[in-house]
Amino acid sequence: MGKTALLRRFAATACDRPGDPRPPLAVEVDIADLRDGDDIGDAIGKAVEQGARGWADIAKAVGLDVGRLLRAGDIVAALAKRFVRHRASARPICLLADEVQTAGSNNAEALGRLHRGTMGLPILPVYAGLNDSADALRRCGISRLSRHAQINLQPLPPENAREAVCRMLDFYAVAGDRAVLDNWTETVARDSLGFPQHLNAGLAEAAGVLAENDGTATVEGLRTVRARAGAARAAYYQGRLNPEVRLYERALVALIAFVAGSDRPPSAGVLHDHAHELLQQDKRRGRKTPDAGAFLGALIHDGVLQENETMTGYAVPIPSMQTWILRDYAKRIGLDPPLRDDPAVSG
């Protein structure tokens, strides 16, 4: 389950508290909605109280078109006014916003008011975003986040990935020898490395192959699943690379090889200095050398690099992506692969 699906699951289940006379209310908004504007709190507050979730629902409930509502809407002020007028019966709110990495200066005041809690209101903001979300919040003036307030989603445990494959096979009553079915379950789950994107791709390819074989799992069919799922992973990794980063593909491969070969995850400063040196070497004639900070920022945004749990260094969070860059991508751009089948980076 990825961040967006997790946020939606949270909205659907976290506030389900039977017996609580005032259970929390989960309100999902786009990060663009958390901005400044005129206060139409009475109308929005009433709509939210009646169960509206998104701006389209709220617009319908208060009789406004979405465009007008967005131009007027400051949801923070709206919620504040609602609590002031209905404090006795008000329910606490979990305010859920996805794609927080896109937050900019136009969101700063609204996010700041939520962060500082200066309104004295029971509103808990929960943000989801990519690896550089904390940097986006810092640009909005929110820099004092405790370590426990930031959670990096980890891969699914192997047993959960296997369970997902088992459920799919059972749901469709897939036929086949028990040993073959067990091998399908183990292999599709293992190849995903517990990453929801890869697991979903593997399940999709498995479903396609089963449909081609009248719902029967075979050894040959599993080979086809693995080949197709591997191609899907490669396409996914290729799509994750920022076009600006691909302009300096040699520097990219060399930097990832440096990270993979380090005894410990290199710090931000060490990475910056090494990236600067590599970018100078990879400079193309007539082209300005990119800023090393911007280059690393793009890699973090794209999920190629991620800070570790102790916030002491950076690594490639997906082992198979590291392998793909150092082996397949390196070959594609005409380099001798820095690593071939090193078990430390295989996946």
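What we have is a predicted model, where local features need pLDDT of at least 70, side-chain atom pairs need 80 or more, and totals for chains, interfaces and linings use all residues. Numbering runs from 1 along each chain as its sequence is written, and side-chain values use heavy atoms, with hydrogens and water left out.

Back to Asp214. You'll find Asp214 in the loop between helix H10 (196-212) and helix H11 (219-240); helices are DSSP runs of H or I with at least four residues, strands are E runs with at least two, and both are numbered from the N terminus. What is the phi of Asp214? It's near 55 degrees, a positive value in a residue other than glycine.

Ala173 has a positive phi too, near 50 degrees, and again the residue isn't glycine. Ala173 sits in the loop between H8 and helix H9 (178-192), and at 61% relative accessibility it counts as exposed. For a glycine example, look just after H6: Gly117 takes a positive phi of about 65 degrees. Helix H6 itself covers residues 108-116, and Ala110, Leu111, Gly112, Arg113 and Leu114 in it are buried.

Ile151 is in the loop between helix H7 (133-139) and helix H8 (158-171), and it's exposed, with a relative accessible area of 69%. Pro24, in the loop between helix H1 (3-13) and strand S1 (25-30), counts as buried at 12% relative accessibility. If you follow the chain from Pro24 to Pro122, that's 98 residues in sequence, yet their C-alpha atoms are 9.4 Å apart in space.

Now the rings. How many aromatic pairs does the structure hold? There are 4, where a pair means rings of Phe, Tyr or Trp (its six-membered ring) with centres within 6.5 Å; under 30 degrees between planes is stacked, over 60 is edge-to-face and the rest are tilted. One of them is Phe171 with Tyr172, an edge-to-face pair at 5.0 Å centre to centre and 85 degrees between the planes. Both of those residues, Phe171 and Tyr172, are exposed. Tyr236 and Tyr237 pair as well, with ring centres 5.9 Å apart and planes at 55 degrees, so that pair is tilted. Tyr236 is partly exposed at 24% relative accessibility, whereas Tyr237 is buried at 1%. Ring pairs also bring in Trp324 and Tyr329, linking them with Tyr236 and Tyr237 into a cluster.

Last stop, the inside. Which helices supply its lining? H9, H10 and H11 each give at least two residues to the lining of the largest cavity. Thr187, Val188, Asp191, Ser192, His198, Gly202, Val225, Arg226, Ala229 and Arg233 are the residues that line it.

How values were computed. Buried means under 20% relative accessible area, exposed over 50%, partly exposed in between (1.4 Å probe, protein chains only). On a 1 Å grid over the protein atoms alone, a cavity is a set of points where a 1.4 Å probe fits but cannot get out, and a pocket is an open set with protein on both sides within 12 Å along at least five of seven lines; lining residues have an atom within 4 Å of a point.
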